[in-house]
Amino acid sequence: MEELLYLAHRIPYPPNKGDKIRSYHLLKHLSQRYKVHLGAFIDDESDRKYHDRVKSLCGETCLVNLNPKVARVRSLQGFFSGQPLTLPYYRDAGLQQWVNDILKTRTIGTVLVFSSAMAQYVGHLTTTPRIIDFVDVDSDKWLQYSSAKKWPLSWIYRREAKLLLKYEQWIAGNFSSSTFVSKAEADLFRQLAPNAVKTISYFNNGVDSDYFSPEHDYPNPYGEDKPVLVFTGAMDYWANVDAVTWFSRAIFPAVRLRVPEVEFFIVGARPTTEVRALAELPGITVTGSVPDVRPYLAWASLAVAPLRIARGIQNKVLEAMAMGKIVVASAQAMEGIDAIAGQELVVPQNEKTFADEILMLLCDKKRPAMGTAARRCALERYSWKKNLERIDALIVQARKEGEIQVPVRIGDSLREMRV
């Protein structure tokens with residue numbers, strides 16, 4: 001079995017948030033075809049217990065603890081080195097040594113990097129084919145953040161956007177292939193990195209439609225039959241925090257004015273102080289971590305995705321659609337999702353129409369038809385097996401062009417990439 005080195009910025013399990021859903025399914029897919037050696041960080045100590053589950057899919061593994069508080073301090077080195085803060089945040093000498101040793105002792109035919117932060121560990125290679133899954137255009141995400149924050153964060157985020165883009169351009173120009181989560185993300189990056197247009201592609205996320213299925217029996221987590229709006233997602237992610245805060249304060253009150261019994265449930269782990277404070281508002285519940293989000297989707301009247309800042313494909317939207325739910329999503333949350341507005345989900349045009357659309361749907365007896373169309377869309381267009389066939393082709397192409405037949409020998413130190 002051919003050997004492959006896979007580097008990810010976060011342990012690809014459990015698949016309970018956006019990047020980990022994609023990285024897990026990618027790992028699972030690759031492990032059926034290659035002996036995968038995995039290097040990754042664990043930034044949540046509760047994920048340490050999944051080491052054996054991940055190891056069962058791999059050859060050798062190196063899972064490094066990453067303390068977010070310590071990493072934030074370490075990232076400040078970027079101010080002195082002229083690098084994006086993202087690089088020192090994810091820099092670890094032990095992981096670098098493990099990567100060097102794997103490349104010396106194993107016949108690595110291809111290196112697959114998940115997220116730009118991990119490219120620094122193999123930036124010095126010149127012969128082994130390297131493929132990077134950027135997933136999203138992270139530099140553009142930081143640019144969006146800068147517009148939504150006050151100084152000094154606005155300045156820091158603009159700096160990160162500028163320097164990270166330069167690093168992304170360097171990676172794209174030196175790696176065999178660069179992939180993204182959607183055509184929209186790939187098209188955007190082609191404009192930002194014209195030096196690498198021919199090597200930029202994408203493969204869509206999928207959704208486990210057997211797991212996220214309305215056919216299972218789920219207990220009612222709401223306790224009674226009442227109109228409920230639900231939002232699911234990691235609640236320490238700033239884009240999600242912004243989304244539920246805006247919805248709770250600007251949209252939900254207008255809905256509740258017309259339908260006093262309606263409730264809004266915010267379902268997701270690690271809610272910030274700002275999110276927890278929303279539970280003090282009438283009709284709003286913040287659950288925190290739950291063992292299974294599916295009951296909350298199954299028994300909800302509608303799923304909402306009111307994101308104002310978004311990149312790539314929103315898994316929360318795909319999961320709700322696979323559950324046969326009508327999703328009311330902002331235009332930003334819809335970017336990259338191939339679904340027909342008005343038939344397979346609803347996309348309000350502005351803040352006022354967001355509340356109006358929800359009110360009409362709550363009173364619409366024909367709602368099941370759109371939910372059925374939503375699930376059909378998820379089944380037909382978002383199969384992991386079908387979408388991951390693209391990465392298979394890219395690996396074959398990279399191996400053919402590289403013609404690597406023997407283990408690669410490299411030096412023991414990483415050449416710093418200054419941008």
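## Helix 13

Gly324, with a positive phi near 80°, follows helix 13. Helices are DSSP runs of H or I with at least four residues, strands are E runs of at least two, and both are numbered from the N terminus. This is a predicted model, in which local features need pLDDT of at least 70, side-chain atom pairs count only at pLDDT 80 or more, and totals for chains, interfaces and linings use all residues. Residues are numbered from 1 along each chain as its sequence is written, and side-chain values use heavy atoms, without hydrogens and water.

Helix 13 is mostly covered, with 8 of its 8 residues buried (under 20% relative accessible area, 1.4 Å probe, protein chains only). Among them are Asn315, Leu318, Glu319 and Met321.

## The largest cavity

The structure holds 2 cavities of 30 Å³ or more. A cavity is a set of points, on a 1 Å grid over the protein atoms alone, where a 1.4 Å probe fits but cannot get out; lining residues have an atom within 4 Å of a point. The largest cavity has about 50 Å³ of space, a volume being the space filled by probe spheres set on the points.

Strand 8 (228–232), strand 11 (302–305) and helix 13 (315–322) each give two or more residues to the lining of this cavity. Its lining includes Phe231, Thr232, Val304, Lys316 and Ala320.

## The second largest pocket

A pocket is an open set with protein on both sides within 12 Å along at least five of seven lines. The second largest pocket contains about 340 Å³ of space. Of its 16 lining residues, His25, Lys28, Ser383, Trp384 and Lys385 lie nearest its centre. Helix 1 (18–31), helix 16 (367–381) and helix 17 (384–402) each supply at least two lining residues.

Note on methods
Buried < 20%, exposed > 50% of the residue type's maximum accessible area, 1.4 Å probe, protein only.
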